[in-house]
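Please read these notes with the structure open beside them.

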Amino acid sequence: MSIVITGNPGVGKHTITEKIAEKMRLSIIDINTVAKESGLFEKNDDTNDIDVKELEEILKQKISEKNIIVGHLAPYVLRKNQIKIMIVLRRSPYDLISVYKDRNYSDEKCKENAGSEILGIIAHDSINKFQEKVFEINVTEKTISEVTEQVMQVISQKDKNDQVDWLELVKKNKDLGKFFVD
Ligand SMILES: Nc1ncnc2c1ncn2[C@@H]1O[C@H](COP(=O)(O)OP(=O)(O)OP(=O)(O)O)[C@@H](O)[C@H]1O
Ligand SMILES: [Mg+2]
């Protein structure tokens with residue numbers, strides 16, 4: 001059973017996964033890399049539109065005890081009995097927009113990804129499928145080493161879930177129009 005790190009693009013999955021992998025001496029399985037190497041992105045470059053059944057089969061062959069798995073597709077391509085714990089990194093949509101701007105994402109892609117974080121789609125889908133194995137961590141205003149430490153604490157069952165509700169925050173700031181096209 002593997003440790004899994006998921007969350008929307010730009011939340012810090014790869015940054016944190018590398019730290020945890022080093023600390024726990026685990027090798028990283030990057031779901032996007034596996035999908036790419038298996039030619040699953042060839043027909044369609046959109047990482048949200050992929051044959052998840054096929055990817056699930058391919059991953060099944062690769063997973064072992066010594067892995068940490070990373071990717072935003074994790075909740076859609078893994079089975080509950082394959083995972084020890086799934087950590088969903090959550091990050092303020094305001095911070096995500098800056099990450100996306102640095103990456104030169106189009107306005108549409110910025111809104112789509114920040115909107116998905118506001119609605120908590122990955123967290124919702126993960127909890128729906130993996131229930132008690134899922135933990136959310138709010139990375140906002142925490143350093144990389146603070147987040148790494150919190151993830152280690154959650155893995156060793158010494159820390160619990162963060163409560164995250166970006167929708168409430170965005171509504172309060174009257175910023176819905178900033179993130180969602182009406
Ligand atoms: N706790 C943190 N505090 C500040 N910046 C961070 C933190 N974690 C990651 N970052 C920065 O945020 C950016 C996005 O991180 P990263 O590339 O790890 O995200 P990701 O979730 O793997 O994204 P993708 O899904 O697109 O691969 C990077 O510039 C990284 O250095
Ligand atoms: Mg990444």
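1. Angles between two axes are sorted as follows: under 35 degrees is roughly parallel, over 145 roughly antiparallel, 65 to 115 roughly perpendicular, and the rest oblique. The axes themselves are lines fitted to C-alpha atoms, for helices over the stretch in contact, and the angles run from 0 to 180 degrees between N-to-C directions. Helices (H or I, at least four residues) and strands (E, at least two) are DSSP runs numbered from the N terminus.

2. This is a predicted model, in which local features need pLDDT of at least 70 and side-chain atom pairs count only at pLDDT 80 or more, while totals for chains, interfaces and linings use all residues. Residues are numbered from 1 along each chain as its sequence is written, chains are lettered from A and ligands numbered from 1 in the order in which they are written, and side-chain values use heavy atoms, with hydrogens and water left out.

3. How do helices H5 and H6 lie to each other? The axes of H5 (residues 93-102) and H6 (residues 107-119) cross at roughly 155° and come within 9 Å. The two helices are therefore roughly antiparallel. The crossing of H5 past H6 is right-handed; a crossing has this hand if the near helix is turned clockwise from the far one by less than a right angle, and is left-handed if anticlockwise.

4. The contact between these two helices (contact means heavy atoms within 4.5 Å) involves Pro93, Leu96, Ile97 and Tyr100 from H5, and Cys110, Asn113, Ala114, Glu117 and Ile118 from H6. Sorted by class, the contact of H5 with H6 has seven nonpolar residues, one polar and one charged. In this sorting, Ala, Val, Leu, Ile, Met, Phe, Trp, Tyr, Cys and Pro are nonpolar, Asp, Glu, Lys and Arg are charged, and the others, Gly among them, are polar.

5. Next comes the sheet. Five strands form an open sheet in the order S2-S3-S1-S4-S5, with parallel pairing; two strands pair if DSSP finds at least two bridges between them. Strands S2 (27-30) and S5 (134-138) are at the edges with a single partner strand each, so one side of each has no neighbour in the sheet. On average, neighbouring strands of this sheet are turned by 25° against each other, direction ignored.

6. The strand pairs can be followed across the sheet. S2 is joined to S3 (residues 67-70) by four bridges, with Asp30 opposite Val70 and Ile29 opposite Ile69. S1 is joined to S3 by three bridges, and here Ile3 stands opposite Ile68. Five bridges link S1 to S4, where Thr6 stands opposite Val88. Another pair, S4 and S5, is held by five bridges, and Leu89 has Ile137 in S5 as its bridge partner.

7. Which way do the residues of S3 point? Asn67 and Ile69 point one way, Ile68 and Val70 point the other way, and all are buried. Buried means under 20% relative accessible area, exposed over 50%, and partly exposed in between (1.4 Å probe, protein chains only). S4 is mostly covered, with seven of its eight residues buried.

8. Helix H8 (residues 144-155) lies across S1 (2-6), S4 (83-90) and S5, and runs at about 150° to S4. Helix H1 (residues 13-24) packs against H8 at an angle of about 55°, with the axes 10 Å apart. That angle makes H1 oblique to H8. H1 passes H8 in a right-handed crossing. The contact is made by Thr15, Ile16, Lys19, Ile20, Lys23 and Met24 of H1 with Ile144, Val147, Thr148, Val151, Met152 and Ile155 of H8. By class it has eight nonpolar, two polar and two charged residues.

9. Glu149 also belongs to H8. With a relative accessible area of 39%, Glu149 is partly exposed. Glu149 and Ile83 are 66 residues apart in sequence and 20 Å apart in space, C-alpha to C-alpha.

10. Glu141 has a positive phi of about 60° although it is not a glycine. Glu141 sits in the loop between S5 and H8 and is exposed, at 78% relative accessible area. Lys174, also not a glycine, has a positive phi near 55°. Lys174 is placed in the loop between H9 (166-172) and H10 (176-179), and at 75% relative accessibility Lys174 counts as exposed.
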